[in-house]
There are 2 protein chains.
Amino acid sequence: MNDRAAERAAERAAERAPERAPDRAPDRAVTLRDVATHAGVSPRTVSNVVNGFAHVSPAMRAKVQASIEALRYKPNLLARSLRQGRTGHILLLVPDLTVAYFAELAHEVVERAGELGTTVMVDETGGDAERERAMLDAAAESSWVDGVLLSSLGLGGTDLAGMDLTCTDRRMPIVLLGERTAGSSLDHVGIDNVAAAYDATTHLIESGRTRVVALGGNGGPLDATSALRLEGFTRAMTAAGLATEGRHVGTPDYSRASARTAVAELMDGPEAPDALFCFSDDLAVGALRALYDRGIRVPTDVAIAGFDDAAVSAYLTPGLTTIRQDRSAIARGALEMLTERKAGRDLPPRDLAVSYELVVRESTSSAHVTRRS
Amino acid sequence: MNDRAAERAAERAAERAPERAPDRAPDRAVTLRDVATHAGVSPRTVSNVVNGFAHVSPAMRAKVQASIEALRYKPNLLARSLRQGRTGHILLLVPDLTVAYFAELAHEVVERAGELGTTVMVDETGGDAERERAMLDAAAESSWVDGVLLSSLGLGGTDLAGMDLTCTDRRMPIVLLGERTAGSSLDHVGIDNVAAAYDATTHLIESGRTRVVALGGNGGPLDATSALRLEGFTRAMTAAGLATEGRHVGTPDYSRASARTAVAELMDGPEAPDALFCFSDDLAVGALRALYDRGIRVPTDVAIAGFDDAAVSAYLTPGLTTIRQDRSAIARGALEMLTERKAGRDLPPRDLAVSYELVVRESTSSAHVTRRS
DNA sequence: TTGAAAGCGCTAACAT
DNA sequence: ATGTTAGCGCTTTCAA
C-alpha cells in the first residue's frame, strides 16, 4: 500500500468517525474507489450499480447505494468519457446568436438535444467563411464533442470541399443546417428554398403586386441560400409574366441596418416597387423601418414578405407575412442524422428536406386597412 | 512488449513506409506516445514541446515538431483536462434563448469568453426555479466546466439560499447575472434596476404624461427583477406627486403575448393610461401591438418605454425608448469574477454594478409626429 | 535537459 | 454475481 492509498484510508476513517461534520467539503472529490472501499466491495460492483447494470444482487445494490449517498459520490464524467470515447456533447456552430433565427434554432436544438440526454455547446462563427472553416476543423479534432451541427451561410466563395477531406479523414459526424454549400459531401438538413421563395413571391403577385423586388444577398457572388431564394423569386416572376431585370437588390449582409439603407435608396429612386420579398425577417424589419421613415404605408403602398418567421414578426406593426421553416424538424432531423452517422460512417451524404409554411399576416394582406382614428 | 504495443509498432512502421497513403484515416487516434516513439524521445519531451515549455533544445524541439506534423498529432483535450483538473469551459444558464435579451447576453458572453480562450456551454432553464436549482446543482458537480454563469429571473418564491450550501460545499465558481436573488451568497453582476426604472419613469413624466402604468411581473409574489423595477417606478411617481395605486399591471410572464392581452384589457378599461413603462422590450412589443390593434397612436396617445434595448427595438415603428444595460460589461465582469473566484474561493460574495443608459426614441418623443401622407 | 513511471477516475475484458 | 486489473491519453514528480 503506497502513501497515497494510506492517506485515503485515513480519510475514509475520518469519514466514518461520528464526530466529523457531515457536510464539510472534502479536500478531494470522492471517487468510485472511495465508495468501493466504504462499501467493502470492488470498484467493478460500484460501477455496475452507478450504471444500472443488471446482475447485481439487491442486497449489494442497497449497500453500495448507501455508501454512495453517505459519501455524496458523483461520478467524474470526464474520466468516464475518456474511457468510453464519447462525451454526450455536440457542438452547434451558428453565425451569430443575436440574429433571431439562429437564436431560435439554437433554442430548438438545445431542447431536442436535452430530450436525448445530449448537451449542446454553442459557438459563433461570425458568418465568416474562413473562421467557419477553422472552427469546423478544430471541432473535428476536438475530443469534447461527439458531433457538430454547422449552420453555415455558405457565403460566396466559400469552398467547403476542402473541408471534406479533413472531416471524413477524422471521423467526426457533421451535419449542415440550412443550405448545403457547393461541393460539400456532408449530411444536410433544410427546406426547399427555391420552392419557398417561389411561394412567397407568388403570394405577393397574386395579391395584385407587379413591381416586386427581391431584397438580400450581397452584390457580388451570392451566398448559397440567397442564390436559391433568388432562383425561386425569378421563377415565380417569370411564371407570372413579369420582368425580373433590376428586380433584385443586394445587401452587404442580412442585417436590419443594411435593409433600411437599401430600401431607403430604392424608394427614393426612379422605379419604386409596390412589394418587397426579403430574404430574412431581419431584412424585412429594416425595410419596414425605412418605409415608416418615409411615411409609406404597408401594405397599402408597399407589401412586404420576409423569411424565417422570427418570433417578433407576428408582433410587428403590421404583422409580417413570412416563410416559417419547421425548426423543430430541422433540429430533430439533424440530431438523428448525427446519431446515424456515428453508427454508419460510410453512408453516402444524405439530404433531409423539412417542411415550411407561408404565414400570411397584415404586411401583404390587401384587405388590411390601417386602422387609425 | 504486449500485443497492443506490438500492434502500435506495426502501425508506426506502416506510417513510415513511403508507399503508404499519407492522408488515410488511421484506425485509432494518434497519441502523444506515438509521437514520442516516432521521434525516438520520451512522452515527457513531446509534452514539453506541445505545451511550449522552456528547457527544450532547439534540435529536439524541431525533431518532435516534425513527428507531430508527420503523424498529424492532436492532443486529446479530455485526457489533458482529466489530468489537470480543469477544462477551459464554462456553463451559461439562461432562461430562454428565444428571448432577445438572453440571446444577446449569450452572444456577448461567448465573444468575451472566446477572447479568453474559454468555450461556453449554453443551456436553458426555462426560467423555472425548480429546474434552475436542479441544473445549477448538477453543474456544480459536473466535471465539464470550470465555472457557471447563471442568469436567473429570481422568480417569486425561489429560494436560492438552499443552493448556497451545495455551491460552496462543492467548489464550483458561480456568478449570478441580472439580479441577486434573496438570501443568496453568490457573486453577482448587474445594473441598478431601481435607479434605471426611476430614470425611465421620470422620463415619461417629464415628457408630460401623468397616467403612467408599469407593466410586468406576475400578479402574485414578484420576481426579484420586477420588484426592483416596480420600486424604481413607484419612487419616481411619488417624487412627481403622482398616485401609484392601480398603476401596476402584472403579466403571467415576460412574453409579448401576455403584454398584448394585458394592454388590450387595460385600454378597454375605465382608466386608460397615457404612458406605459414595460419591464422588458418584449413586453413593450406586445403593448405596441395591442395599441396598433386598436388604432391608438404611439406616442401621440400613449407613450411607451421598455427595458433591455433588444436589437430590434431601434427598428420598431415607432422606435422604442428603453434602458440599455452595458451587456459587454456584464459579460466581462462576470468572467472576471469567475476567474477571481477560482483563485480565492474564500472571498466574501461580491456585487458588481455596471452602467446603463436611457435610450430615447420615438415611442416617447412628444415632438414626434406620425408621418403619414 | 530528458527519461521513467505514477497516476487523474473511470470502465470493461478477463478471471473466478 | 463479483473481484482483479489493464488501460483511455495526458501531465508531472522524481530521478538521472
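Helix H5(A) passes H5(B) in a left-handed crossing, a crossing being called left-handed if the near helix is turned anticlockwise from the far one by less than a right angle, and right-handed if clockwise. The structure is a predicted model, in which local features need pLDDT of at least 70 and side-chain atom pairs count only at pLDDT 80 or more, whereas totals for chains, interfaces and linings use all residues. Residues are numbered from 1 along each chain as its sequence is written, and chains are lettered from A and ligands numbered from 1 in the order in which they are written. Helices (H or I, at least four residues) and strands (E, at least two) are DSSP runs, numbered from the N terminus.

The axes of H5(A) and H5(B) come within 9 Å and cross at roughly 145 degrees, where axes are lines fitted to C-alpha atoms, for helices over the stretch in contact, and angles run from 0 to 180 degrees between N-to-C directions. In this contact, Leu78(A), Ala79(A), Ser81(A) and Leu82(A) of H5(A) meet Leu78(B), Ala79(B), Ser81(B) and Leu82(B) of H5(B), two residues being in contact if their C-beta atoms, placed from the backbone, lie within 7 Å. By class, the contact of H5(A) with H5(B) comprises 6 nonpolar, 2 polar and no charged residues; Ala, Val, Leu, Ile, Met, Phe, Trp, Tyr, Cys and Pro count as nonpolar, Asp, Glu, Lys and Arg as charged, and the others, Gly among them, as polar.

The relation between the two chains was examined next. A rotation of 180 degrees with 0.1 Å of shift along its axis superposes chain B on chain A, with an RMSD of 0.2 Å, which is the relation of a two-fold axis; the superposition is by least squares on the C-alpha atoms of residues with pLDDT of at least 70 in both copies. Of the residues of chain B, Met121(B) comes closest to the rotation axis, its C-alpha lying at 2.2 Å. The contact between the chains takes 45 residues from chain B and 45 residues from chain A. On the side of chain B that touches chain A, two or more residues are given by each of H5, helix H6 (100–115), strand S2 (119–124), helix H8 (161–169) and helix H12 (281–294) of chain B, and the largest share, 6 residues, comes from S2(B). This side of chain B divides into 20 nonpolar, 11 polar and 14 charged residues. Because 98% of the interface residues of chain B are also interface residues in chain A, the copies meet through the same surface.

DNA strand D is surrounded by 29 residues, of which the closest are Ser42(A), His55(A), Leu32(B), Asn76(B) and Ala79(B). Elements giving two or more residues to this surface are helix H3 (43–50) and helix H5 (77–84) of chain A together with helix H2 (32–39), helix H3 (43–50) and helix H5 (77–84) of chain B, and H5(B) gives the most, with 5 residues. DNA strand C is likewise surrounded by 29 residues, the closest being Leu32(A), Asn76(A), Ala79(A), Ser42(B) and His55(B); here the largest share, 5 residues, comes from H5(A). The surface near DNA strand C has 12 nonpolar, 10 polar and 7 charged residues.

Within chain A, H3(A) and helix H4 (residues 58–71) pack at an angle of about 90 degrees, with their axes 10 Å apart, which makes H3(A) roughly perpendicular to H4(A). Angles under 35 degrees count as roughly parallel, over 145 as roughly antiparallel, 65 to 115 as roughly perpendicular and the rest as oblique. Thr45(A), Val46(A) and Val49(A) of H3(A) meet Met60(A), Arg61(A), Val64(A) and Gln65(A) of H4(A). Within chain B, the axes of helix H9 (residues 193–206) and helix H10 (residues 224–239) come within 7 Å and cross at roughly 45 degrees, and H9(B) and H10(B) are therefore oblique to each other. The crossing of H9(B) and H10(B) is right-handed.

Backbone geometry was also inspected. Most residues other than glycine have a negative phi, and most peptide bonds are trans. Arg72(A), in the loop between H4 and H5 of chain A, has a positive phi of about 55 degrees although it is not a glycine. A cis peptide bond joins Val298(A) and Pro299(A), with omega about 5 degrees, and Pro299(A) is found in the loop between helix H12 (281–294) and strand S9 (303–305) of chain A.

Note on methods
A residue is near a molecule or strand if its C-beta atom, placed from the backbone, lies within 6 Å of it.
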